[in-house]
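This briefing is intended to be read alongside the sequence and the three-dimensional structure.

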Amino acid sequence: MTHAAPAATHAVPTGGPAGSGAYVLGVDSGGSGLRVALGRVGEPGPLATTVCAEPVRTGPGGIDAGHLLDQLLPAARELLERASAAASAEARSDAPRPGGTSAYEVAAVAIGAAGMATLGERLRAELPGAFADALGVRRVALAADAVTAYAGAVGQRPGAVVAGGTGMIALGTDLKEWHRADGWGHLLGDSGGGAWIGRAGLDAAMRAHDGRRGGSAALLERLRAVFGAAEALPGLLYPRSDRPAVLASFAPEVAACAGADPVAAGILRQAAGHIAEAAAAVCPAPAEPDGEGGEGGEVALTGGLFRMGEPLIAPLREELARLLPGAGVTTATGDPLTGALRIAHALAAGDLRLPRHPTMLFVPREQETGQREETAVHSEPRSE
């Protein structure tokens with residue numbers, strides 16, 4: 001198969017594990033804003049979380065690193081000061097830290113951001129130095145949101161995650177390289193995602209309105225209840241800059257009709273087929289009994305798409321059983337914020353096993369010594 005990027009040398013993290021009194025920060029940056037979680041080395045889960053409701057700006061130069069820092073650093077300092085004040089006197093240090101903070105050590109920061117892979121150049125260039133100056137932290141990982149979704153859903157094991165919402169992307173790894181399928185947006189892909197389901201449901205409704213084959217009277221009724229007259233829908237939809245979200249808003253209506261309407265049920269079966277195909281394209285094969293990397297074949301589902309429940313999940317399980325016999329299908333154990341915090345914990349412990357990549361999971365070279373192969377992202381199915 002074809003590599004998306006040439007392989008290069010990379011290295012393992014420097015230094016031993018951080019002390020148990022140190023803190024770690026996990027960050028999830030997406031369309032709804034910035035979420036920050038604070039944890040402590042050696043203790044699972046977050047100590048506290050906070051939300052910055054303003055999404056980080058994206059401009060001609062990509063994701064705005066300054067805007068992210070303007071929101072993140074005050075939120076991080078507030079979490080750290082609160083945690084430090086609550087800690088025992090023995091766990092606090094009177095020595096000042098760089099940037100004017102005190103009484104705490106930050107061992108690692110991991111940030112997952114929507115658009116990191118394609119729009120994160122400024123973040124990769126500016127954030128490691130900014131965190132060293134402001135918080136004294138020198139272990140930083142910058143990840144695509146699909147990677148933090150993977151870490152939240154699967155952890156550091158081989159497997160695959162399907163992240164479904166308005167769009168849909170599948171990401172898998174055998175802990176040697178990443179494999180990606182779909183996530184190409186509502187015009188080129190995201191097949192089986194919320195916008196895809198909503199558009200298919202509206203198409204069936206408009207067919208019923210016209211008297212064409214494949215129409216659904218039930219979905220036409222729901223179209224009218226949600227949007228008004230069918231004839232007015234193009235004028236409501238086409239001028240919108242958020243068309244994918246508008247289309248996806250109709251997906252729950254399709255799920256609600258699926259129990260009694262065969263057209264709606266058929267749309268969800270088609271969606272399940274697309275999702276299962278993407279998962280099968282990226283899921284690693286089970287390792288040989290004497291092979292490395294542990295078991296393969298785990299598929300985790302994460303994202304709001306799967307809150308539709310059984311109308312989508314039942315046919316999806318059937319399709320996954322057909323395409324990936326023996327694979328374990330699970331609900332994600334954590335969300336992308338959980339994944340970012342898990343990556344920060346692993347980085348602090350010197351135990352980050354997920355494959356590094358220059359855009360998918362970036363760990364600055366100056367943090368590292370030794371040699372390790374860096375991975376490419378495969379966006380074509382593996383040859384059998």
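**Largest pocket**

The lining of the largest pocket comprises 11 nonpolar, 14 polar and five charged residues. The structure is a predicted model, and the pocket has a computed volume of about 900 Å³. Of the 30 residues that line the largest pocket, Ala-114, Asp-145, Ala-146, Ala-163 and Ile-169 are the closest to its centre.

- Strands S2 (23-30), S3 (33-40), S9 (159-164) and S10 (168-173) each contribute at least two residues to the lining of the largest pocket.
- Helices H2 (116-119) and H4 (145-153) likewise each supply at least two lining residues.

**Aromatic pairs**

- Two aromatic pairs are found when the whole structure is searched.
- One of them joins Tyr-150 and Trp-178 in an edge-to-face arrangement, with 5.5 Å from centre to centre and 85° between the planes.
- Because Tyr-150 belongs to helix H4 and Trp-178 to strand S11 (residues 178-182), this pair ties together parts that lie 28 residues apart in sequence.
- Tyr-150 has a relative accessibility of 0% and therefore counts as buried; Trp-178, with a relative accessible area of 0%, is also buried.
- Phe-227 and Phe-250 form a tilted aromatic pair, with 6.2 Å from centre to centre and 40° between the planes.
- Phe-227 is part of helix H6 (residues 217-227), while Phe-250 sits in the loop between helix H8 (243-248) and helix H9 (251-257), so the pair ties together parts 23 residues apart in sequence.
- Both Phe-227 and Phe-250 are buried.

**Helix H12**

- Helix H12 spans residues 336-348, 13 residues in total. From its first C-alpha to its last, H12 reaches 18 Å, close to the 18 Å expected at 1.5 Å a residue.
- At the N-terminal end, H12 is capped by Asp-335, which has a side-chain oxygen 3.1 Å from the backbone nitrogen of Leu-337.
- H12 is mostly covered, with 10 of its 13 residues buried.
- The buried residues of H12 include Leu-337, Leu-341, Ile-343 and Leu-347. Also buried in H12 are Gly-339, Ala-340, Ala-344, His-345, Ala-346 and Ala-348.
- Gly-350 follows H12 and has a positive phi, near 65°.

Terms used
Residues are numbered from 1 along each chain as its sequence is written. This is a predicted model: local features need pLDDT of at least 70, side-chain atom pairs count only at pLDDT 80 or more; totals for chains, interfaces and linings use all residues. Side-chain values use heavy atoms; hydrogens and water are left out. Helices (H or I, at least four residues) and strands (E, at least two) are DSSP runs, numbered from the N terminus. The expected span of a helix is 1.5 Å times one less than its number of residues. Buried means under 20% relative accessible area, exposed over 50%, partly exposed in between (1.4 Å probe, protein chains only). A polar contact is a pair of N or O atoms within 3.5 Å; within protein, one must be able to donate a hydrogen and the other to accept it, and residues adjacent in sequence count only if both atoms are side-chain atoms. On a 1 Å grid over the protein atoms alone, a cavity is a set of points where a 1.4 Å probe fits but cannot get out, and a pocket is an open set with protein on both sides within 12 Å along at least five of seven lines; lining residues have an atom within 4 Å of a point. Grid points are joined across faces, edges and corners, and a volume is the space filled by probe spheres set on the points. Ala, Val, Leu, Ile, Met, Phe, Trp, Tyr, Cys and Pro count as nonpolar, Asp, Glu, Lys and Arg as charged, and the others, Gly among them, as polar. Rings of Phe, Tyr and Trp (its six-membered ring) pair if their centres lie within 6.5 Å; planes under 30 degrees apart count as stacked, over 60 as edge-to-face and the rest as tilted.
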